[in-house]
Amino acid sequence: METLAEAISLHRAGELERAEEVYLTVLKVDSTNPDALHFLGILYHQRGRGHEAAELIRKALLTAPDYSGAWTNLGNIQLELGNLEEAEAAYTRSLSLDPDQPGPLSNLGILFRARGRPEEAVAMLQ
């Protein structure tokens, strides 16, 4: 049986088509698997399917609301889609779960700078 670990390995190796097939196979067995939903969302984002990616990650977060990495990736996707409020909310949630993550801190700094909030940007980037 194909596994999530196999899908992730294929994904990391750049074999996106095959990784997608395996993620979908995993989801046929367990349609709420948060890791499969999250990583398939990342894969869709890499393929320029940002809206679908965000929906998959939101589904993952329904099952695993404390999944800080998924919140960070949802923030990244929302930022690229231009949904700044949603991006800020996702990064903030991620940091509330794991305050030592550098990614959401720096991304919030960039987001705050883009939104004309320089003091907050500096605070995040420091």
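The questions and answers below concern helix pairs and selected residues of this predicted model.

User: How are α5 and α6 oriented to each other?

Analyst: Helix α5 covers residues 68–81 and helix α6 covers residues 84–97; their axes come within 8 Å and cross at roughly 160 degrees. Angles over 145 degrees count as roughly antiparallel. The orientation of α5 and α6 is therefore roughly antiparallel.

User: Which hand does the crossing of α5 and α6 have?

Analyst: Two packed helices are described by the angle between their axes and the distance between the axes. For α5 and α6, these values are roughly 160 degrees and within 8 Å. The hand of the crossing of α5 and α6 is left-handed.

User: How do the residues of the contact of α5 with α6 divide into nonpolar, polar and charged?

Analyst: On the α5 side, the contact is made by Ser-68, Trp-71, Thr-72, Leu-74, Gly-75, Asn-76, Gln-78 and Leu-79. On the α6 side, it is made by Leu-84, Glu-86, Ala-87, Ala-90, Tyr-91, Arg-93, Ser-94 and Leu-97. With Gly counted among the polar residues, the contact of α5 with α6 divides into eight nonpolar, six polar and two charged.

User: How are α7 and α8 oriented to each other?

Analyst: The axes of helix α7 (residues 102–114) and helix α8 (residues 118–125) come within 8 Å and cross at roughly 165 degrees. The cut-off for roughly antiparallel is an angle over 145 degrees. α7 is therefore, relative to α8, roughly antiparallel.

User: How do the residues of the contact of α7 with α8 divide by class?

Analyst: α7 passes α8 in a left-handed crossing. From α7, Leu-105, Ser-106, Leu-108, Gly-109, Phe-112 and Arg-113 take part in the contact, and from α8, Glu-120, Ala-121, Met-124 and Leu-125. By class, the residues of the contact of α7 with α8 are six nonpolar, two polar and two charged.

User: Are α3 and α5 roughly parallel or roughly antiparallel?

Analyst: α3 and α5 pack with their axes 11 Å apart, at an angle of about 25 degrees. Angles under 35 degrees count as roughly parallel. The relation of α3 to α5 is therefore roughly parallel.

User: How many nonpolar, polar and charged residues has the contact of α3 with α5?

Analyst: The crossing of α3 and α5 is left-handed. In α3, His-38, Ile-42 and His-45 meet Gly-69, Ala-70, Asn-73, Ile-77 and Glu-80 of α5. By class, the contact of α3 with α5 has three nonpolar, four polar and one charged residues.

User: With which side chain does the side chain of His-38 make a polar contact?

Analyst: His-38 has its place in helix α3 (residues 34–46). Its relative accessibility is 4%, so His-38 counts as buried. Leaving aside neighbours within four places in sequence, His-38 is in contact with Ile-57, Ala-60, Tyr-67, Gly-69, Ala-70 and Asn-73. The polar contact of the His-38 side chain, at 2.8 Å, is with the side chain of Asn-73.

User: Is Glu-20 buried or exposed?

Analyst: Glu-20 lies in helix α2 (residues 16–29). Not counting residues up to four places away in sequence, Glu-20 touches Leu-40, Leu-43, Tyr-44, Arg-47 and Arg-49. Buried means under 20% relative accessible area. Because its relative accessibility is 13%, Glu-20 counts as buried.

User: What is the length of the polar contact that joins the side chains of Glu-20 and Arg-47?

Analyst: Arg-47 is one of the residues that Glu-20 touches beyond four places in sequence. The polar contact joining the side chains of Glu-20 and Arg-47 is 2.4 Å.

User: Which side chain is joined to that of Arg-58 by a polar contact?

Analyst: Arg-58 is found in helix α4 (residues 50–63), and at 34% relative accessibility it counts as partly exposed. Leaving aside neighbours within four places in sequence, Arg-58 is in contact with Leu-74 and Gln-78. The polar contact, of 2.4 Å, joins the side chain of Arg-58 to that of Glu-55.

User: With which side chain does the side chain of Arg-115 make a polar contact?

Analyst: Arg-115 lies in the loop between α7 and α8 and is partly exposed, with a relative accessible area of 30%. Leaving aside neighbours within four places in sequence, Arg-115 is in contact with Leu-84, Glu-85 and Glu-88. The polar contact of the Arg-115 side chain, at 2.7 Å, is with the side chain of Glu-88.

Key:
Residues numbered from 1 in each chain as written. Predicted model: local features only at pLDDT ≥ 70, side-chain atom pairs only at ≥ 80, totals over all residues. Heavy atoms only, no water. Axes fitted to C-alpha atoms, helices over the stretch in contact; angles between N-to-C directions. Helix = DSSP H or I, 4+ residues; strand = E, 2+ residues; numbered from the N terminus. Parallel < 35°, antiparallel > 145°, perpendicular 65-115°, else oblique. Left-handed = near helix turned anticlockwise from the far one by under 90°. Contact = heavy atoms within 4.5 Å. Buried < 20%, exposed > 50% of the residue type's maximum accessible area, 1.4 Å probe, protein only. Polar contact = N/O pair within 3.5 Å; in protein donor to acceptor, adjacent residues only side chain to side chain.
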